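Have a look at the fold before reading on.

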Amino acid sequence: MLTDAALQQRLRQHHLFEHLPEALFQHVCQRALYRHIETAAVLFHQAAAAERFYLLLSGQIALTRVLQEGQEKLVEVITPGECFAEALMFNGSPNYPVTATAYKSSELISIDAQHFRSLLEGQPNVCLALLGSLSIRLHQRLNEIDTLTQASASRRVVRFLCQEAQAHNDHIQLKVSKRLIASQLGIQPETFSRILHRLVEAGLIQMERRLIRVPDRTALANFQD
């Protein structure tokens with residue numbers, strides 16, 4: 001049971017819960033749990049029963065998927081304030097399609113997926129508000145997919161760096177290994193490293209281990225192969 005008022009407020013601020021009537025929100029909290037996991041700990045494995053979804057309070061969670069050929073692919077890095085695995089309760093998938101691993105010591109709120117869905121079934125107005133929020137996020141994800149499928153490897157890397165630079169005041173701390181970032185961008189790790197080296201030589205980025213500085217974001221965005 002989630003009884004801490006501060007944690008309840010963090011949960012309430014997420015778009016999945018902000019439209020719930022207070023009585024129903026308290027029902028959610030009665031089944032919700034606080035979780036803390038250490039770095040490298042696995043929260044859930046790919047193909048495990050998808051009984052709960054999560055809100056990340058602090059830390060970082062990497063979602064990875066092992067493909068049929070055995071290759072591990074980074075699907076997403078979850079940052080504080082984001083929910084993950086919530087879509088499974090809507091599409092009826094019984095199993096997690098990814099593995100969730102802590103890349104930093106992390107605090108989470110765990111929500112009973114089936115219970116939350118049953119609450120929503122009697123709240124059509126709340127469901128409509130949720131659909132609007134999910135639709136916006138779907139369009140954002142489709143735009144990302146279009147970029148990955150149409151852009152060259154260099155353009156994918158440049159776009160990734162520009163997005164991270166904008167979000168972190170031009171100082172990018174790589175959250176996960178270069179191998180997993182390359183997987184997320186749909187390129188080989190060697191290609192990712194080679195492109196970073198070219199950008200350093202061109203004076204568009206500065207690298208010190210896992211820290212990347214972007215002195216001129218506009219110049220980086222205009223980089224051409």
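Predicted model: local features only at pLDDT ≥ 70, side-chain atom pairs only at ≥ 80, totals over all residues.

Residues are numbered from 1 along each chain as its sequence is written, and side-chain values use heavy atoms, with hydrogens and water left out.

Helix α1 covers residues 5-12 and α2 residues 22-31; their axes come within 11 Å and cross at roughly 115 degrees. That makes the two helices roughly perpendicular, a label for angles of 65 to 115 degrees (under 35 is roughly parallel, over 145 roughly antiparallel, the rest oblique). On the α1 side the contact involves Q8, L11 and R12, and on the α2 side E22, F25, Q26, V28 and C29; contact here means heavy atoms within 4.5 Å. Axes are lines fitted to C-alpha atoms, for helices over the stretch in contact, and angles run from 0 to 180 degrees between N-to-C directions. Helices (H or I, at least four residues) and strands (E, at least two) are DSSP runs, numbered from the N terminus.

How many of the seven residues of β8 are buried? Six are, which leaves this strand (residues 106-112) mostly covered. Buried is under 20% relative accessible area, exposed over 50%, and partly exposed in between (1.4 Å probe, protein chains only).

| Strand pair | Residues of the named partner | Bridges |
|---|---|---|
| β1 with β8 | β1: residues 33-37 | five bridges |
| β3 with β8 | β3: residues 52-58 | six bridges |
| β9 with β11 | β11: residues 211-213 | three bridges |

Within β8, I109 sits opposite Y34, and L108 is the bridge partner of L56.

## The three-stranded sheet

An open antiparallel sheet has the order β9-β11-β10. β9 (171-173) and β10 (206-208) are the edge strands with a single partner each, so one side of each has no neighbour in the sheet. Direction ignored, neighbouring strands here are turned by 20 degrees against each other on average. H171 faces R213 in β11.

UniProt, in an unreviewed entry, places "domain: HTH crp-type" at residues 151-218; such annotations may be inferred rather than shown by experiment, feature names are shortened, and positions follow the numbering used here. That span is 56% helix and 13% strand, with its end C-alpha atoms 18 Å apart.

Definitions and conventions
Pairing = 2+ DSSP bridges.
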